[in-house]
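Subject: Structure handover

Hello,

Here is the structure you are taking over. Please open it and keep it in view while you read.

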Amino acid sequence: MPIYEYRCQACLHEFEMLRPMDRVNDDVLCLRCKGRALRRLSVIAPVLHGGAIGSLAEAGMERGGACGCGGACSCGASLN
Ligand SMILES: [Zn+2]
């Protein structure tokens, strides 16, 4: 069961709680004041092994990066 981080909206108490994945969006009560706590949105850094960052940069960033696609990149989504 994954652990999620929550922060109370009332007292700003932060705590972790084990939650079933199918209930992760349910309301959680603060452990301290029983106020409503919201799940913190953690930034999960992808696990990149050696060389992955460089190859990602080569594959995307250096080809324009801002693929929307407005045609400035070479992703093939031609506007023609
Ligand atoms: Zn609280």
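Below is what was found in it, starting with the ground rules.

This is a predicted model, where local features need pLDDT of at least 70, side-chain atom pairs count only at pLDDT 80 or more, and totals for chains, interfaces and linings use all residues. Residues are numbered from 1 along each chain as its sequence is written, and side-chain values use heavy atoms, with hydrogens and water left out.

**The zinc site**

Which residues hold the zinc ion's protein donors? They are C8, C11, C30 and C33, each through its SG atom, at 2.2 to 2.3 Å from the ion. Donors here are N, O and S atoms within 2.8 Å of the metal (3.2 Å for Na, K and Ca); water is not among the atoms, so sites may look incomplete. The arrangement is tetrahedral because the four donor atoms subtend angles of 101 to 117° around the zinc ion. The cut-off for four tetrahedral donors is that all angles lie between 85 and 135 degrees. Along the sequence, the donor residues follow the spacing C-x2-C-x18-C-x2-C. C11 and C33 link distant parts of the chain, 22 residues apart. C11 is in the loop between β1 (3-8) and β2; C33 is in the loop between β3 (28-29) and β4 (36-39). Strands are DSSP runs of E, at least two residues; helices are runs of H or I, at least four; both are numbered from the N terminus.

**Salt bridges**

How many salt bridges does the structure hold? There are five. Each is a side-chain nitrogen of Lys or Arg within 4 Å of a carboxyl oxygen of Asp or Glu. One of them joins R36 and D27, with the closest N and O atoms 3.0 Å apart. Shared partners also join E5, R7, E14 and R40 into one network. In it, R7 meets E14 at 2.7 Å, N to O. R40 also bridges to E14, at 3.1 Å between the closest N and O atoms. That pair spans 26 residues: R40 is in the loop between β4 and α1 (52-59), E14 in strand β2. E14 is partly exposed, at 39% relative accessible area. Partly exposed lies between buried (under 20%) and exposed (over 50%), with a 1.4 Å probe and protein chains only.

**A surface patch**

M1, I3 and L18 form a nonpolar patch on the surface, with about 360 Å² of accessible area together. L18 sits in strand β2 (residues 14-18). Patch residues have over 30% relative accessible area and no salt bridge; like charges are joined within 9 Å, nonpolar side chains (Val, Leu, Ile, Met, Phe, Trp, Tyr) within 5 Å. Accessible areas come from the Shrake-Rupley method with a 1.4 Å probe; for residues, only the protein chains shown count as cover.

Best wishes

Methods. Tetrahedral: all angles 85-135°; square planar, octahedral: opposite > 155°, others 65-115°.
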